[in-house]
Amino acid sequence: MTGEKFSDLSDASGTMWLDVGRRDWSDLMLAATGLTRANMPQLVEGTSPAGSITAAAAQELQLPSRIPVAGGGGDNAASAVGLGVVSPGQAFLSLGTSGVLFVVTDRFRPNPERAAHAFCHCLPGRWHQMAVMLSAASVLDWVAQLTGQSDLPQLVASAKAQGVSRHSPFFLPYLSGERTPHNDPHARGVFFGIRPDTTAADLTGAVLEGVALAFADGLDVLVEKGGTVGDITVTGGGARLPYWGELLAAALNRPMTYRSGGEVGAALGAARLARLALGTERPEDVCIAPPIERVVEPDASLASLLAIRRRTFVRLYENLKSTFVEYSA
């Protein structure tokens, strides 16, 4: 659309060629891979112009010529802008096909030992950390198919009616391996504690709880080494299931905030970045959080129960870690 090559810093952070702390290409990494800066696109902040639309593209799209194109951002960084997650400590939790717990930081805060992503935000002078789970809402679709249930809301309602007890089945949600905190491509999904009277509702409840407990693992990683996670906004397709919000609030022992229009956060964020690229407004004035629809507070008794069950959840992975490797060989 512009005839030029640009990359915003949030996307460039995932290439391994970026010095994320300096917000510039790493000459060391380029040299190690036989490249130079001449091979790389220009870097821009997400709020900066990245060229203008060409006359040919403008004619094809029936737009005025020379419209500036914003640097933009990666999907999660743009979602953060749309949700107003722009200041250090602000966070969102995405229940999409995969799961993301994203928190804004005031500097580059790497934690590779625990498989935390540490990237540039798409706003100037800001960074973010992410705990990423490879399977989130996708495992709910999987268990519905597994149990032959086509009515997903009804299946979740039955899981809520069944509730969680000390002896409910467990589920390790690692169907495709796991990133944070294990960085383990060999890990696989596991049901534990199946009994003769286990039902589809029990399995569904275990899946919902397992994802929530995996997010709790991710939260621990983000608050390590002095990290701060404040208000957490919930987004993604799984946010439409209130019971999942109750389990998340209890597992993380944090309130879960739901905002109007949260499901279109990334698109709204992209539009906001385009608006900021005109250079007449400040990010703080444009990237405001949408109105709150509801806040789910953690239920004390459920939080206490999940804290106990999480110890078993963590131990199950540790006990199976070497077996996962043997199984994958």
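Leaving aside residues up to four places away in sequence, threonine 180 touches Arg114, Ala115, Ala116, Met130, Ala131, Val132, Met133, Gly218 and Val221. The model is predicted.

**Exercise 1.** Locate threonine 180, then decide: is threonine 180 buried or exposed?

*Solution.* 
Step 1. Find the element. Threonine 180 sits in the loop that runs between strand E11 (170-172) and strand E12 (190-192).
Step 2. Take the relative accessible area. For threonine 180 the value is 1%.
Step 3. Apply the cut-off. Buried means under 20%. Threonine 180 is therefore buried, at 1%.

**Exercise 2.** Find which backbone atoms the side chain of threonine 180 meets.

*Solution.* 
Step 1. Start with alanine 115. Its backbone oxygen lies 2.6 Å from a polar atom of the threonine 180 side chain.
Step 2. Go on to valine 132. The threonine 180 side chain reaches the backbone nitrogen of valine 132 at 3.0 Å.
Step 3. Check the cut-off. A polar contact needs N or O atoms within 3.5 Å.

**Exercise 3.** Describe the largest cavity and its lining.

*Solution.* 
Step 1. Count. The structure holds one cavity of 30 Å³ or more.
Step 2. Give the size. The largest cavity has a volume of about 70 Å³.
Step 3. Name some lining residues. Among them are Ala159, Gln162, Ala201, Asp202, Glu209 and Arg309.
Step 4. Assign helices. Helix H6 (152-162) and helix H7 (200-223) each supply at least two lining residues. H7 gives the most, with five residues.
Step 5. Sort by class. The lining has five nonpolar, four polar and three charged residues.

Terms used. Residues are numbered from 1 along each chain as its sequence is written. This is a predicted model: local features need pLDDT of at least 70, side-chain atom pairs count only at pLDDT 80 or more; totals for chains, interfaces and linings use all residues. Side-chain values use heavy atoms; hydrogens and water are left out. On a 1 Å grid over the protein atoms alone, a cavity is a set of points where a 1.4 Å probe fits but cannot get out, and a pocket is an open set with protein on both sides within 12 Å along at least five of seven lines; lining residues have an atom within 4 Å of a point. Grid points are joined across faces, edges and corners, and a volume is the space filled by probe spheres set on the points. Helices (H or I, at least four residues) and strands (E, at least two) are DSSP runs, numbered from the N terminus. Ala, Val, Leu, Ile, Met, Phe, Trp, Tyr, Cys and Pro count as nonpolar, Asp, Glu, Lys and Arg as charged, and the others, Gly among them, as polar. Buried means under 20% relative accessible area, exposed over 50%, partly exposed in between (1.4 Å probe, protein chains only). A polar contact is a pair of N or O atoms within 3.5 Å; within protein, one must be able to donate a hydrogen and the other to accept it, and residues adjacent in sequence count only if both atoms are side-chain atoms. Contact means heavy atoms within 4.5 Å.
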